[in-house]
Amino acid sequence: MPKAASLTLSVGVMLLAGYGIFAATGWPWKAALFPLAIGIPLFCLAAVEALWTLLGRAETGKNEMEVALTTEAGAQRRILVAVAWMVGFFAAVVLLGFPIAVPLFLFLYLKLQGGEGWPLSIGITLAVTAVFYGLFDALLHLPFPAGWLFSWLGLA
Amino acid sequence: MTEALFEGLVLVLQWKALAFMMLGVLLGFWVGLLPGLGGATTLALMLPFIYTMQPVEAFAFLLGMHAVTATTGDITSVLFGVPGEAASAATILDGHAMAKKGEAGRALGAALAASLVGALVGAVALALAVPVVRPLVLTFGSPELFMLAIVGLAFIASLSSHGGRGMLRGFLAGALGLFFATVGQDPQAGVPRFTLDLLYLWQGLDLVPVLVGIFAIPEIIELVARGTSIAGRLPAGRLSRGAFEGVKDTFRHFWLTVRCSLIGTFIGIMPGLGGSVAQWMAYGHAAQSARTAEERKGFGAGDVRGVIGPGAANNSKEGGSLIPTIAFGVPGSTAMAILLGGFVLLGLVPGPDMLSKHLSVTYSMVWTIVIANVVTVLVCFAFLDQLAKLTTVRAGILIPIILVLVFIGSYTSNNHYGDILVTLVFGAIGYLMVLAGWPRAPFVLGLVLGKIAENYLYISVARYEAAWLTRPVVLVLIAVAVVVIIYPLFQARRKSAHA
């Protein structure tokens, strides 16, 4: 897994840097100087890392200065579930807007994923929503627009 | 001077100024806790309220608010791995690792105590440095500032991983960060670069959504995968006991705290570098203070020095960045540029007048930094037990609340849905980096330094062509960068030869 991740990253970085170098050649030197000064060494470093990953000894991939990821059984399924909730929350925010998406997401996560009881789920949802409104809407007057769905339906 | 210093204290302690400062501290406390809503944004939001205030009251309010955001920003970094402020990201590496080991109290104690020492050092530097700092700032032109950025990057890239392979990945991550910093309209020719024909990307990648994504999303995914609280399955009652231990750690490593505070002050003085750079430089220095390779491996796994260093630098840079703002009208950071707007609103002109006619107002700022930080740290200590207990809250309850914070924090950076998308994309990149063993710290520093470094490189080349490389301070900084890169390799080689 670490080998595949490192290879994916280094090949991705090579493609990115390659595209960057190609694009920069068409810009005036003022705009191209820095992308070229960074893009060329970036491409070379990524190529060395990719080759090292392919030809070098197998390694754990663990960097002692980084968080340790769990390898427990079933972890991968739980990771996919986490990603699905994040994507779902993002979709809800875009379609319904923050004022509806925040309480909806909180309640659904607490009830369905967290398995919490009704009183706790409703209590936390109400408390967080109150803080959200109190701070951002009432105090700081930061705008949170209605979701795209309301615009499409002509309700916003 | 002593008279003006005392007069400054008396001015700040007047009930109206003190009340405004406390209001500012209260606001700054919560702003620091919320990811995305940065100190600079809040300063801008609060600027219209100072019209009717006296200068001392206005600066007590604004500086009191700004001075504490970095302190409370460390709290979310330690507890949840979510940077409350862009300048609190480095605290995550060891602070959150300590929280996972059940040492949240100790990490918070160390972060708060180091923040206080840092703030005091920064304030003292502000009080003492104004007459002597002018020649120093004038020595550093664009070539020197560019090289300073490169030294910072070399520092963190060489120290955030081990061995040749680790260093390769460190530099790769740093270069990737610099590369992502080129996204957006270029500052010289106005050419849109890598914008994918999206107007949103013309202003470049905002730091907050990227930072929140790269640090918070992998932590959230990991929390879901483990299915436990942040502190895992550790016995209850162990968490808060270490708060005093954290304070003792700060004084046990007192000289490291002072050195990191001085790094923060120095970076604060340099125009354009800012707090995000200061914390990583201080983290790099703290990691370098490890005497053996074995000891260095503890960094990132919960070494308290990794919390003390950034904590101290983060707060000391406030005093430092005020020096060029007050003395020359040259703001050292975005927040200071906004504060400069405050000077204009109040009819004050930064420059010699602030060091003669309005010296007591200048010293009132020093006292504001000191008092605001002391109050914040005392309040935080009063609630430390409760704060540390948050790490024992079940993942099922904590995750949705953190995710809401992450999404709102990202969105409020530019009030654009694109910010949330950026957070999710960089969250995926961050997770892959952790999985592959690539360090994230150099990436973040590269991203922070990218725009600054590009500007300085362009000015250096346009003004001096290749001759900028031969300037004495540049040569010294090149030598420092080379030593920073070679020394860890030499150390590792010597260790393997002995083994």
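This is a predicted model: local features need pLDDT of at least 70, side-chain atom pairs count only at pLDDT 80 or more; totals for chains, interfaces and linings use all residues.
1. On the chain A side the contact is made by A:F98, A:V102, A:F105, A:L106, A:Y109, A:L110 and A:Q113, which meet B:G396, B:I397, B:I399, B:P400, B:V404 and B:I408 of α19(B). Sorted by class, this contact holds eleven nonpolar and two polar residues, with no charged residues.

2. The contact between the chains as a whole takes 59 residues from chain A and 61 residues from chain B. On the side of chain A that touches chain B, at least two residues each come from α1 (2-24), α2 (29-55), α3 (75-96), α4 and α5 (118-139). Of these contributors, α2(A) gives the most, with 14 residues. The residues on this side of chain A divide into 42 nonpolar, ten polar and seven charged.

3. For chain A, the domain assignment gives domain 1 as 2-55 and domain 2 as 75-151. The C-alpha centres of these two domains of chain A are placed 38 Å apart in the model.

4. Chain B has 22 helices and two strands, and 64% of its 499 residues count as buried. Considering the contacts in chain B with a separation of 6 or more, 81% are accounted for by residues 24 or more positions apart.

5. Within chain B, helix α2 (residues 15-33) and helix α4 (residues 55-80) pack at an angle of about 30°, with their axes 6 Å apart. Since angles under 35 degrees count as roughly parallel, α2(B) and α4(B) are therefore described as roughly parallel to each other. The crossing in which α2(B) passes α4(B) is right-handed, and the residues of this contact divide into 18 nonpolar, ten polar and two charged.

6. How many residues of helix α5 (residues 90-100) of chain B are buried? The helix is mostly covered, with eleven of its eleven residues buried. Among them are the charged residues B:D94 and B:K100, as well as B:H96, B:I92, B:L93 and B:M98. Just after α5(B), B:G102 takes a positive phi of about 85°.

7. Two further residues of chain B deserve a look for their backbone angles. Most residues other than glycine have a negative phi. B:F194 counts as partly exposed because 18 C-beta neighbours fall inside 10 Å, whereas a buried residue would need 20 or more.

8. B:E465 is likewise a residue other than glycine with a positive phi, in this case near 55°. B:E465 is found in the loop between α21 (441-464) and α22 (472-498) of chain B. With 9 C-beta neighbours inside 10 Å, B:E465 counts as exposed, because the class of exposed residues takes in those with 12 or fewer such neighbours.

Conventions. Residues are numbered from 1 along each chain as its sequence is written. Chains are lettered from A and ligands numbered from 1 in the order in which they are written. Two residues are in contact if their C-beta atoms, placed from the backbone, lie within 7 Å. Helices (H or I, at least four residues) and strands (E, at least two) are DSSP runs, numbered from the N terminus. Domain bounds come from an automatic or database domain assignment. Axes are lines fitted to C-alpha atoms, for helices over the stretch in contact, and angles run from 0 to 180 degrees between N-to-C directions. Angles under 35 degrees count as roughly parallel, over 145 as roughly antiparallel, 65 to 115 as roughly perpendicular and the rest as oblique. A crossing is left-handed if the near helix is turned anticlockwise from the far one by less than a right angle, and right-handed if clockwise.
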